[in-house]
Amino acid sequence: MKSIIKLFTDGGPFIMSAIILCSIIAVAITLERFFYYKKINIGTDKLLERIAKAISLNHYEEVLTICDSKPTPVTNLVKAGIMHRTEGETAIQDAIKDAASLEIPKLEKFLTTLGSIASIAPLLGLLGTVMGNMETFGVIGAGAALGNMEQLAQGISKALLTTAFGLIVAIPTTVVYNHYTNKVNNMILKLEIHANSLIQMLVKQEKRG
């Protein structure tokens, strides 16, 4: 514990506090998004099979019940399509498109913040480096470098520590941000595929109707 406090103090409380705050926010977003994506993906294939079967039998109330029991981006699109199924293909497309425009921001929620942290953390480390170097060169400029090695070492230590901690936060955050961004892009693509399939299914059933 003492060594941690020493690292915090040597790095400069202001810069180190900012970097630690960034790390806490990054971890919180990472965990929140992980559980959210896991929640909306569990059992999706089986759910879609039940929905497709219910639509083929014109059991639309059952479909709405299924959608209400597990609200996810996919089921919300299905619900929007079902609610406008009697209004024609264009109306169904518009309803599903409007529903998708509401779901996509939910999938992308907090990712901008995560990307910003990945960029800000090394900049904070760089700022700490600059401040540490200013302190170091201030000691040298005052002609006290040889007489006050402890103060000189503190300045160098601050420069190195803040850079290191900034990169320690930035590197994994960048990896997570890229992973989640790719994951969301794939989910949006699947959402579009499901939406098109739903439109064709509903139009086909109404024509049979």
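In what order do the elements of the protein chain run from the N terminus on? They run α-α-α-α-α-α-α-α, and the chain holds 8 helices and 0 strands. Helices (H or I, at least four residues) and strands (E, at least two) are DSSP runs, numbered from the N terminus. The model is predicted: local features need pLDDT of at least 70, side-chain atom pairs count only at pLDDT 80 or more, and totals for chains, interfaces and linings use all residues. Residues are numbered from 1 along each chain as its sequence is written, and side-chain values use heavy atoms, with hydrogens and water left out.

Of the 209 residues in the protein chain, 36% are buried; buried means under 20% relative accessible area, exposed over 50%, and partly exposed in between (1.4 Å probe, protein chains only). Contact means heavy atoms within 4.5 Å. Among contacts between residues at least 6 apart in sequence, 75% join residues at least 24 apart.

The largest nonpolar core has 25 residues, of which I51, I55, V63, V78 and I82 touch the most other members. Such a core is a set of buried Ala, Val, Leu, Ile, Met, Phe, Trp, Tyr and Cys residues joined through side-chain atoms within 4.5 Å. Two or more residues each come from helix 3 (44-56), helix 4 (60-69), helix 5 (73-83), helix 6 (89-108) and helix 8 (149-208). Helix 8 gives the largest share, 6 residues. Setting aside neighbours within four places in sequence, I51 is in contact with V63, I66, C67, T75 and V78. A second, separate core of 20 residues includes I15, L107, L124 and V184.

I15 is also one of the buried residues of helix 2, among them I19, C22, A26, I29, R33 and Y37. The end C-alpha atoms of helix 2 are 42 Å apart, in agreement with the 42 Å that its 29 residues should span at 1.5 Å a residue; the expected span is 1.5 Å times one less than the number of residues. After helix 2 comes G43, with a positive phi near 70°.

F35 is found in helix 2 (residues 13-41) and is exposed, with a relative accessible area of 52%. With V27, L31 and F34, F35 forms a nonpolar surface patch of about 400 Å² of accessible area together. Patches take residues with over 30% relative accessible area and no salt bridge, joining nonpolar side chains (Val, Leu, Ile, Met, Phe, Trp, Tyr) within 5 Å and like charges within 9 Å. A salt bridge is a side-chain nitrogen of Lys or Arg within 4 Å of a carboxyl oxygen of Asp or Glu.

How values were computed
Areas by Shrake-Rupley, 256 points an atom, 1.4 Å probe, with all protein chains shown as cover.
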